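Subject: Structure handover

Hi,

Here is the structure I promised to pass on. Please open it alongside this note; my findings follow below.

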Amino acid sequence: AYTDFIGSAGLNLTSGYFDKLRYYGGLRLGLIYRTNVYPTGGLECGVDVDLSKDLYIGIKAGYGYRSDLMAISLPTKWEESTSVRVGYAFE
């Protein structure tokens, strides 16, 4: 088990009727805690679709460097990941 704190910065573009589609991409940096703290970094991109004024769904893909695997005697590596996002905007 591990805990990670990751932030990202990059470009954010919208398109479609009433700007219902959002495309984003950029760099991500963070820290992973697994018995010690290890740095991580990489790239991410994704697409979100607004379902209503406050609700969206999307898909995100990332490619990042995992240095925390040293804690469990595995070599560090670059790794792909994907996720489905569901979000709510509080206003």
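This is a predicted model: local features need pLDDT of at least 70, side-chain atom pairs count only at pLDDT 80 or more; totals for chains, interfaces and linings use all residues.

Leaving aside neighbours within four places in sequence, which residues is Gly 42 in contact with?

**Overall picture**

The protein chain has 5 strands and 0 helices. In sequence order the pattern reads β-β-β-β-β. The C-alpha trace spans about 50 × 20 × 20 Å along its principal axes. The radius of gyration is 16 Å, whereas a compact globule of 91 residues would come out near 12 Å.

Burial is 22% of the 91 residues. The accessible surface is about 6,500 Å², and carbon and sulfur atoms account for 63% of that. On charge, I count 9 positive and 10 negative side chains. The centres of those two sets lie 3 Å apart. For contacts between residues at least 6 apart in sequence, 40% join residues at least 24 apart.

**Strand pairing**

Start with β2 (residues 21–34) and β3 (residues 36–50). They run antiparallel and are joined by 14 bridges. One of the paired positions is Arg 34, whose bridge partner in β3 is Asn 36.

Next, β3 and β4 (residues 55–66). These also run antiparallel, with 11 bridges between them. Here Glu 44 stands opposite Gly 62 in β4. The hairpin that joins β3 to β4 goes through 4 residues. So β3 pairs with β2 and with β4, because two strands count as paired once DSSP finds at least two bridges between them.

**Back to Gly 42**

Gly 42 is found in strand β3. Beyond its neighbours within four places, Gly 42 is in contact with Gly 26, Leu 27, Arg 28, Tyr 63, Gly 64 and Trp 78. That answers the opening question.

Is Gly 42 buried or exposed? Its relative accessible area is 14%, so Gly 42 is buried, the cut-off being under 20%. One distance to check in your viewer: the C-alpha atoms of Gly 42 and Arg 66 are separated by 9.2 Å. Those two residues are 24 apart along the chain.

**Backbone points to check**

Most residues other than glycine have a negative phi. Two positions here deserve a look on that account.

- Thr 35 has a positive phi of about 70 degrees although it is not a glycine. With a relative accessible area of 60%, Thr 35 is exposed.
- Ser 73 has a positive phi of about 60 degrees, and it is not a glycine either. The place of Ser 73 is in the loop between β4 and β5 (77–88). Ser 73 counts as exposed, at 69% relative accessibility.

Why do Thr 35 and Ser 73 count as exposed? Thr 35 does so because its relative accessible area is 60%, and Ser 73 because its relative accessibility is 69%; the cut-off for exposed is over 50%.

**Where to look**

Then move to Gly 42 in β3 and display its contacts, including Tyr 63 and Trp 78. Finish at Ser 73, in the loop between β4 and β5.

Best wishes

Notes. Residues are numbered from 1 along each chain as its sequence is written. Side-chain values use heavy atoms; hydrogens and water are left out. Helices (H or I, at least four residues) and strands (E, at least two) are DSSP runs, numbered from the N terminus. The radius of gyration is taken over C-alpha atoms; the globule rule is 2.2 Å times the number of residues to the power 0.38. Buried means under 20% relative accessible area, exposed over 50%, partly exposed in between (1.4 Å probe, protein chains only). Contact means heavy atoms within 4.5 Å. Accessible areas come from the Shrake-Rupley method with a 1.4 Å probe; for residues, only the protein chains shown count as cover. Lys and Arg count as positive and Asp and Glu as negative; His and the chain ends are not counted. The place of a charge is taken as NZ of Lys, CZ of Arg, CG of Asp or CD of Glu.
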